[in-house]
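Hi,

Here is the structure we talked about. Please open it alongside this message; my notes follow below.

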Amino acid sequence: MLSRNKFIVFLFVMLTCHEQCYSKIPEYIQVCKRDQDTVNECVRDSIEKLRPKLVEGIPELNVPSLDPFYIHEIAPPVGSNSRAFQAVGKDIKVSGAGNFSLKHVEVDLENLTFRARVRFPRLHFEGKYKVDIQFLLLPIRGEGTLVADAIKCNVDAFMKIKIVERDGVEYIEFTSIDTDITIRDYKIKLQGLFNGDKALEDATNMALNENKAELLKAAKPFAEKGVSTIILDAANKVTKDIPYDELFPKP
Ligand SMILES: *[C@@H]1O[C@H](CO)[C@@H](O)[C@H](O)[C@H]1NC(C)=O
Ligand SMILES: *[C@@H]1O[C@H](CO)[C@@H](O)[C@H](O)[C@H]1NC(C)=O
């Protein structure tokens with residue numbers, strides 16, 4: 001028989017242990033041994049296995065669905081040359097992100113870095129826009145609906161990881177991310193330019209689709225900023241409550 005005091009201690013341990021001592025890894029997370037020789041293949045495989053969950057989203061972790069993915073608003077990064085580039089996208093639905101393929105995965109367990117190259121064969125965008133810019137000396141003004149496709153998008157991501165301790169347990173945290181995005185080709189159509197002047201609208205859409213290098217260059221910092229935020233956020237939400245020793249058990 002437990003004495004009353006021992007019983008109280010037992011109860012206390014049960015209650016406070018609830019999360020730390022019996023932390024259960026969700027079944028959709030495949031853990032990887034802390035072994036530099038196998039970790040790259042293993043993490044690549046884990047991300048592959050996570051794909052269906054990423055596609056539909058993980059509500060219990062607050063991770064939104066990847067396909068479709070919804071962007072509430074996209075505006076120029078603060079501090080950018082926003083006078084020259086006043087363009088805002090709103091309520092944009094992005095389809096096709098779930099069709100990603102992992103071209104390269106590199107986990108450095110010693111220096112705690114993560115590098116990946118992800119290819120999206122096609123991303124389809126639909127939403128609203130508002131624009132008042134000069135593009136190649138051409139004024140573009142209006143608001144309405146936007147439909148676009150980006151073909152063969154490569155995202156190179158480099159993330160730094162830190163081991164943080166909470167209540168005596170170590171967890172991983174992604175502290176920073178750098179992305180480099182390249183897009184092979186795109187199509188874009190803006191409707192509602194120049195208060196419905198069809199001739200100007202057609203001429204503008206033609207210019208936007210014929211000067212791909214210039215438009216991609218202008219859009220690159222927006223895309224990189226947006227995608228960096230999305231990846232960093234999702235990576236941290238997925239791994240936040242899994243102790244380092246359980247996510248990457250020592251061999
Ligand atoms: C993603 O792949 C599926 C299956 O191959 C395809 O039906 C769908 O159109 C793709 N999405 C995009 C945006 O290309
Ligand atoms: C960690 O960084 C050092 C210095 O850059 C490098 O020599 C070493 O190979 C890296 N570790 C791994 C596992 O790549």
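**Salt bridges and the ligand shell**

Asp245 has a relative accessibility of 41%, so this residue counts as partly exposed. Please keep in mind that the model is predicted.

Start with the partner of Asp245. Its side chain forms a salt bridge with the side chain of Arg34, with N and O 2.7 Å apart. Asp245 sits in helix α5, residues 244–247. Arg34 sits in the loop between α1 (4–20) and α2 (39–56). The pair therefore ties together parts that are 211 residues apart in sequence.

Next, the strands. Arg117 and Asp156 meet through their side chains in a salt bridge, 2.9 Å from N to O. Arg117 belongs to strand β4 (residues 113–135), and Asp156 belongs to strand β5 (residues 138–166). They are 39 residues apart, and the pair links distant parts of the chain. Are these two side chains buried, partly exposed or exposed? Arg117 has 33% relative accessibility, so Arg117 counts as partly exposed. Asp156 has 24%. The cut-off for buried is under 20%, so Asp156 also counts as partly exposed.

A further salt bridge joins the side chains of Lys240 and Asp241, at 3.7 Å from N to O. Lys240 is partly exposed, with a relative accessible area of 44%. Asp241 is partly exposed too, at 48%.

How many salt bridges are there in the whole structure? The search finds 16. The pairs above are among them. As background, side chains of opposite charge can pair when their charged atoms come close.

Now the ligand. Which residues surround ligand 1? They are Ser95, Gly96, Asn99 and Arg122. By class, that shell has no nonpolar residues, three polar and one charged.

Two side chains deserve a look here. In Asn99, a side-chain N or O atom is 2.3 Å from an oxygen atom of ligand 1. In Arg122, a polar side-chain atom lies 3.1 Å from an oxygen atom of ligand 1. On its own, ligand 1 has 360 Å² of accessible area, and the protein covers 41% of this.

Best wishes

Methods: Residues are numbered from 1 along each chain as its sequence is written. Chains are lettered from A and ligands numbered from 1 in the order in which they are written. This is a predicted model: local features need pLDDT of at least 70, side-chain atom pairs count only at pLDDT 80 or more; totals for chains, interfaces and linings use all residues. Side-chain values use heavy atoms; hydrogens and water are left out. A salt bridge is a side-chain nitrogen of Lys or Arg within 4 Å of a carboxyl oxygen of Asp or Glu. Helices (H or I, at least four residues) and strands (E, at least two) are DSSP runs, numbered from the N terminus. Buried means under 20% relative accessible area, exposed over 50%, partly exposed in between (1.4 Å probe, protein chains only). A residue is near a molecule or strand if one of its heavy atoms lies within 4 Å of it. A polar contact is a pair of N or O atoms within 3.5 Å; within protein, one must be able to donate a hydrogen and the other to accept it, and residues adjacent in sequence count only if both atoms are side-chain atoms. Accessible areas come from the Shrake-Rupley method with a 1.4 Å probe; for residues, only the protein chains shown count as cover. Ala, Val, Leu, Ile, Met, Phe, Trp, Tyr, Cys and Pro count as nonpolar, Asp, Glu, Lys and Arg as charged, and the others, Gly among them, as polar.
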